[in-house]
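Colleague: I have a model open here and would like to go through it with you. Can you put it up on screen?

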Amino acid sequence: MIREFKNKDMNDILDIWLSVSIKAHSFVKSSYWQSQVKNMRDIYIPSAKTFVILKDNKIVGFYSLYENTLAAIFVKNEFQGLGLGKKLLEHAKEQTDELFLTVYKKNTSSYNFYLSQGFKVIKEQIDEGSLEYEYKMRFER
């Protein structure tokens, strides 16, 4: 089940975001991700439209949209590979006609996932926070 984020969900999604970020982006120091938790809590999540996905009444993933940009999409590590990310992404696609995102170049599994879901690379750039190369991608109907 996918539903809109509620304030009481904040700790759950921050935990998911941090643990998945550290594992999926092992090429970035974990201290970088830990230093971003406050910004996620106080700036990014409140300024975005966020939805959570539940399994057995527990939050196991979420995505955040900022205008037509998919700012975040994360599924708990132990629930990956079950199609939940695809469900979240399909839900996000329904919110807008054109969807943008960025993905680290070294995060090949996520990059390949987005390609398989109809996204196309429109630009390569450097993420200012981590100084890692990333792709800007777009999906349009």
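Colleague: What is M137 in contact with, leaving aside its neighbours within four places in sequence?

Modeller: With contact meaning heavy atoms within 4.5 Å, the list for M137 is L99, F100, L101, V103, Y111, Y114, L115, F119, K120, V121 and I122, once neighbours within four places in sequence are left aside. Keep in mind that this is a predicted model, where local features need pLDDT of at least 70 and side-chain atom pairs count only at pLDDT 80 or more, while totals for chains, interfaces and linings use all residues. Residues are numbered from 1 along each chain as its sequence is written, and side-chain values use heavy atoms, with hydrogens and water left out.

Colleague: And which residues have the most contacts inside the largest nonpolar core?

Modeller: M137 is one of them, together with Y63, L70, L99, Y114 and F119, in a core of 21 residues. A nonpolar core here is a set of buried Ala, Val, Leu, Ile, Met, Phe, Trp, Tyr and Cys residues joined through side-chain atoms within 4.5 Å. Buried means under 20% relative accessible area, exposed over 50%, and partly exposed in between, with a 1.4 Å probe and protein chains only.

Colleague: Which elements give two or more residues to that core?

Modeller: β2 (49-55), β3, β4, α4, β5, α5 and β7 (133-140). The largest share, four residues, comes from α4. Helices (H or I, at least four residues) and strands (E, at least two) are DSSP runs, numbered from the N terminus. Apart from this core lies another, of 19 residues, including I16, I59, F62 and F74.

Colleague: How many residues of α4 are buried?

Modeller: Seven of its 10, so that helix is mostly covered by the definition of buried as under 20%. The buried residues of α4 are L84, G85, L88, L89, H91, A92 and K93.

Colleague: Change of topic. What is the volume of the largest pocket?

Modeller: About 1300 Å³. A pocket is defined on a 1 Å grid over the protein atoms alone, as an open set of points where a 1.4 Å probe fits, with protein on both sides within 12 Å along at least five of seven lines; lining residues have an atom within 4 Å of a point. Grid points are joined across faces, edges and corners, and the volume is the space filled by probe spheres set on the points.

Colleague: What is the lining like by class?

Modeller: It has 24 nonpolar, 14 polar and four charged residues. Ala, Val, Leu, Ile, Met, Phe, Trp, Tyr, Cys and Pro count as nonpolar, Asp, Glu, Lys and Arg as charged, and the others, Gly among them, as polar.

Colleague: Next, R3. Buried or exposed?

Modeller: R3 counts as buried, because its relative accessibility is 15%. R3 lies in strand β1 (residues 2-4). Its side chain makes a polar contact with the side chain of D9 at 2.7 Å. A polar contact is a pair of N or O atoms within 3.5 Å; within protein, one must be able to donate a hydrogen and the other to accept it, and residues adjacent in sequence count only if both atoms are side-chain atoms. Leaving aside neighbours within four places in sequence, R3 is in contact with K8, D9, F51, V52, L54 and I59.

Colleague: Last one, backbone angles. What is the phi of D56?

Modeller: Positive, about 55°, although D56 is not a glycine. Most residues other than glycine have a negative phi. D56 lies in the loop between β2 and β3, and counts as exposed at 71% relative accessibility. E67 also has a positive phi of about 55° without being a glycine. E67 is in the loop between β3 and β4 and, at 65% relative accessibility, counts as exposed.
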